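The notes below follow the order in which I looked things up.

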Amino acid sequence: AVSIMLTKDSLAGFELHKVHLGRLPLDVTAEAIRETFSRFGVVLDVHLPKDNRTGDRKNFGFVTYGTEEASSAALAARRVDLCGFEI
């Protein structure tokens with residue numbers, strides 16, 4: 001498998017489509033999210049925000065797709081099983 005690391009600067013100028021993921025288990029990894037959500041299209045980025053004060057990860061995140069079709073497909077799924085949790 002080929003892995004390409006993208007930065008915010010390298011994505012500038014592209015039309016990006018973010019999908020908000022709520023109620024994430026705190027121990028789920030970005031790689032597990034990428035693997036699960038790649039069934040809808042190519043995942044450009046997974047962002048798992050942290051609390052600025054504590055450094056703890058928050059229980060939500062974002063998946064970024066490069067096409068509207070992929071983000072629409074992910075949103076149309078409504079619920080997705082991620083490591084045994086429904087989100």
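I worked from a predicted model. I found that α2 lies across β1, β2 and β3 and runs at about 140° to β2. I then turned to α3, which packs on the sheet through contacts with β1 and β3, its direction making about 20° with that of β1.

Entry 2, the sheet. I noted three strands in an open sheet, in the order β1-β3-β2, with antiparallel pairing. I recorded β1 and β2 at the edges, each with a single partner strand, so one side of each has no neighbour in the sheet. The twist averages 20° from one strand to the next. Between β2 and β3 I listed four bridges; aspartate 45 stands opposite threonine 64 of β3.

Which residues of α2 (residues 30-37) are buried? I listed Ala32, Ile33, Thr36 and Phe37. Seen down the axis of α2, these buried residues fall within an arc of 115°, so they line one face of the helix. On the other side I found Glu31 and Glu35 exposed. The cover over the buried residues includes β1, β2, β3, α3 and β4 (81-82).

The largest nonpolar core holds 18 residues, of which Leu21, Leu24, Ile33, Phe37 and Tyr65 touch the most other members. I noted that β1, α2, β2, β3 and α3 each supply at least two residues, and that α2 gives the most, with three. Leaving aside residues up to four places away in sequence, I listed the contacts of leucine 24, among them Ile33, Leu48, Phe60, Leu82 and Ile87.

Key:
Residues numbered from 1 in each chain as written. Predicted model: local features only at pLDDT ≥ 70, side-chain atom pairs only at ≥ 80, totals over all residues. Heavy atoms only, no water. Buried < 20%, exposed > 50% of the residue type's maximum accessible area, 1.4 Å probe, protein only. Arc of directions from axis to C-beta. Contact = heavy atoms within 4.5 Å. Core = buried A, V, L, I, M, F, W, Y, C linked by side-chain atoms within 4.5 Å. Pairing = 2+ DSSP bridges. Axes fitted to C-alpha atoms, helices over the stretch in contact; angles between N-to-C directions.
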